[in-house]
Amino acid sequence: MRGLVSEEVLGWIVKVPLNFINRKDEPVWKVARNGKYEVKKGYYATKNMNTKVVDRASSSTVLSGELWKKVWRIKALPKIIHFIWRCLVRALPVREELARRKCRVPVNCPICNKEVETIEHALFTYPWAKSVWFGSELALRFEKASFGNLGSWCMQVLVEEKFLDDFQLAYVAWLMWLIWKERNNAVFEFKAVNLVKVINEASKAVREFWEAKGWTRWWKGKMRM
Ligand SMILES: [Zn+2]
């Protein structure tokens, strides 16, 4: 990983609780031949191999090494990049993941209580999250039926570079993080989710970060800020 990401990012990655994602019944990483998980080999795998992330009992997405490289290069704060990585390896403690890890929790979404809380549901496809995305300056529309899963969507926007430029990708990453934070505030602090707050925070955070880095947004030859 050294050379591919900054020391700061590396620090974040190394702190990830690996036991949490190293499930015996569902291999997430192509790991060592002896089957023993080691941090070094795990990261080597993400960098050099195609990694199969099992995201449903019935479907899976192959996430390429290229995707991980692109994730580390998202122009956002290391903690945001780290969060995106956790989402992609399905280490985000949404209800579905907790239930899969045999935690005794209801699987339904703690906010709408209408569907199983998957990562896709919590961050993209339930009504409140959808309104955040559509109300943001990206005006993205997410529908459950067409969204598929996070891995395949990230392959499209990060590897195939469809739809979004670097600034927009950073904005997406920040929004995902803030939507998750807001969800946690609602679940653990009993606060109402606030759409305007999330959108404004995302816009502000991305711009401040880019300005501090001296980056300019270029898109199809034209600068747009
Ligand atoms: Zn919900």
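Start by selecting Arg90, Glu97, Arg100, Arg101 and Glu120: a network of salt bridges links these residues. Keep in mind that this is a predicted model.

Stay in that group and zoom in on Glu97 and Arg100, which form a salt bridge with the closest N and O atoms 2.9 Å apart. The two sit three residues apart in helix H6, so about one helical turn separates them. Is Glu97 buried or exposed? Its relative accessibility is 0%, so Glu97 counts as buried.

Next stop, the metal. Select the zinc ion and show Cys109 (SG), Cys112 (SG) and His121 (NE2), which coordinate the ion at 2.0 to 2.2 Å. Along the sequence, the donor residues follow the spacing C-x2-C-x8-H. Cys109 lies in the loop between helix H6 (95–100) and helix H7 (119–125), while His121 is in helix H7, so this pair ties together parts twelve residues apart in sequence. Cys109 and His121 are both buried.

Now pick Glu143 and Lys130, whose side chains meet in a salt bridge (3.1 Å, N to O). Glu143 is in the loop between helix H8 (127–135) and helix H9 (144–147) and Lys130 is in helix H8, so the pair ties together parts 13 residues apart in sequence. Glu143 is partly exposed, with a relative accessible area of 38%; Lys130 is partly exposed too, at 24%.

Finish with Glu161 and Lys70, another salt bridge (2.8 Å, N to O). Here the loop between helix H10 (150–159) and helix H11 (166–189) supplies Glu161 and helix H4 (residues 65–72) supplies Lys70, so the pair ties together parts 91 residues apart in sequence. Glu161 counts as exposed, at 54% relative accessibility. If you want to keep going, the structure holds 14 salt bridges.

Conventions: Residues numbered from 1 in each chain as written. Predicted model: local features only at pLDDT ≥ 70, side-chain atom pairs only at ≥ 80, totals over all residues. Heavy atoms only, no water. Donors = N, O, S within 2.8 Å, 3.2 Å for Na, K, Ca; no water. Helix = DSSP H or I, 4+ residues; strand = E, 2+ residues; numbered from the N terminus. Buried < 20%, exposed > 50% of the residue type's maximum accessible area, 1.4 Å probe, protein only. Salt bridge = Lys/Arg side-chain N within 4 Å of Asp/Glu carboxyl O.
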